[in-house]
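Work through the exercises below with the model open beside you. Try each task before reading its solution.

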Amino acid sequence: MMLNAENSTSYSAESRQPAVLHRADWAAHEQLWKGYFQGEDIGTGVTVLFYVTDDVGVGPRWHVHPYDEIFIVRTGNALFTIGDKKIEAKAGDILLGPANIPHKYHSTGPGRLETTDIHLSERWIQTNLDDPELVEN
């Protein structure tokens, strides 16, 4: 998904109302925490993605955002590449992907990997990139 940041909306605490999103509004799976919602859907400046995979080596590929992203590893183990740093993460770890720094991660197993990825933006804005580790010489 790629969106333009030009039409950014500012949300003030005084103008917001309580809001609810039901599972059917954001979930991509009936039982797993898999899917996302954009902050603009509920009147806030934070977008949240719920990621899950049972497959070792699978995860979001090399990409970048114009805002910070916080990764919460809820279950499992993963190898994160954030810029030129490689970080082995496990359940309970929280990582920061700074704005404009390419990143990716994948499950290293064993078992299921579940993350909650918090985008500090009202919209999910992502530019997919060619992964320098996968480019053939």
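**Exercise 1. The largest pocket**

Which residues lie nearest the centre of the largest pocket, and how many residues line it?

*Solution.* Start with the ground rules. This is a predicted model, in which local features need pLDDT of at least 70, side-chain atom pairs count only at pLDDT 80 or more, and totals for chains, interfaces and linings use all residues. Residues are numbered from 1 along each chain as its sequence is written, and side-chain values use heavy atoms, with hydrogens and water left out.

Step 1: find the centre. Leu49, Tyr51, Pro60, Asp117 and Trp124 lie nearest to it, within a lining of 20 residues. A pocket here is an open set of points on a 1 Å grid over the protein atoms alone, where a 1.4 Å probe fits, with protein on both sides within 12 Å along at least five of seven lines; lining residues have an atom within 4 Å of a point.

Step 2: take the volume. The largest pocket holds about 260 Å³ of space, counted as the space filled by probe spheres set on the points.

Step 3: assign the lining to strands. At least two residues each come from β1 (35–37), β2 (47–53), β4 (69–75) and β9 (113–119). The top contributor is β2, with 3 residues. Strands are DSSP runs (E, at least two residues), numbered from the N terminus; helices are runs of H or I with at least four residues.

Step 4: The lining splits into 10 nonpolar, 6 polar and 4 charged residues. Asp, Glu, Lys and Arg count as charged; Ala, Val, Leu, Ile, Met, Phe, Trp, Tyr, Cys and Pro as nonpolar; the others, Gly among them, as polar.

**Exercise 2. The five-stranded sheet**

Determine the strand order of the open sheet of 5 strands, then examine β7.

*Solution.* Step 1: the order is β1-β2-β9-β4-β7, with antiparallel pairing. Two strands pair if DSSP finds at least two bridges between them.

Step 1: β1 and β7 (94–97) are the edge strands; each has a single partner, so one side of each lacks a neighbour in the sheet. On average, neighbouring strands of this sheet are turned by 15° against each other, direction ignored. Such angles run from 0 to 180 degrees between N-to-C directions, with axes fitted to C-alpha atoms.

Step 2: β4 and β7 are joined by 4 bridges in the antiparallel sense. Glu69 faces Gly97 across this pairing, and Ile72 stands opposite Ile94.

Step 3: compare the faces of β7. Leu95 and Gly97 make up the covered face, Ile94 and Leu96 the uncovered one.

**Exercise 3. A hairpin**

Which residue in the turn between β5 and β6 has a positive phi?

*Solution.* Step 1: β5 (residues 77–82) and β6 (residues 85–90) pair antiparallel over 6 bridges. Asn77 lies opposite Lys90.

Step 1: the hairpin has 2 residues between its strands, and Gly83 in the turn has the positive phi, about 65°.

**Exercise 4. Asp54**

Locate Asp54 and list its contacts outside its sequence neighbourhood.

*Solution.* Step 1: Asp54 sits in the loop between β2 and β3 (63–64).

Step 1: Asp54 is partly exposed, at 46% relative accessible area; the class spans the range between buried (under 20%) and exposed (over 50%), using a 1.4 Å probe and protein chains only.

Step 2: beyond neighbours within four places in sequence, Asp54 contacts Gly111 and Arg112. Contact means heavy atoms within 4.5 Å.
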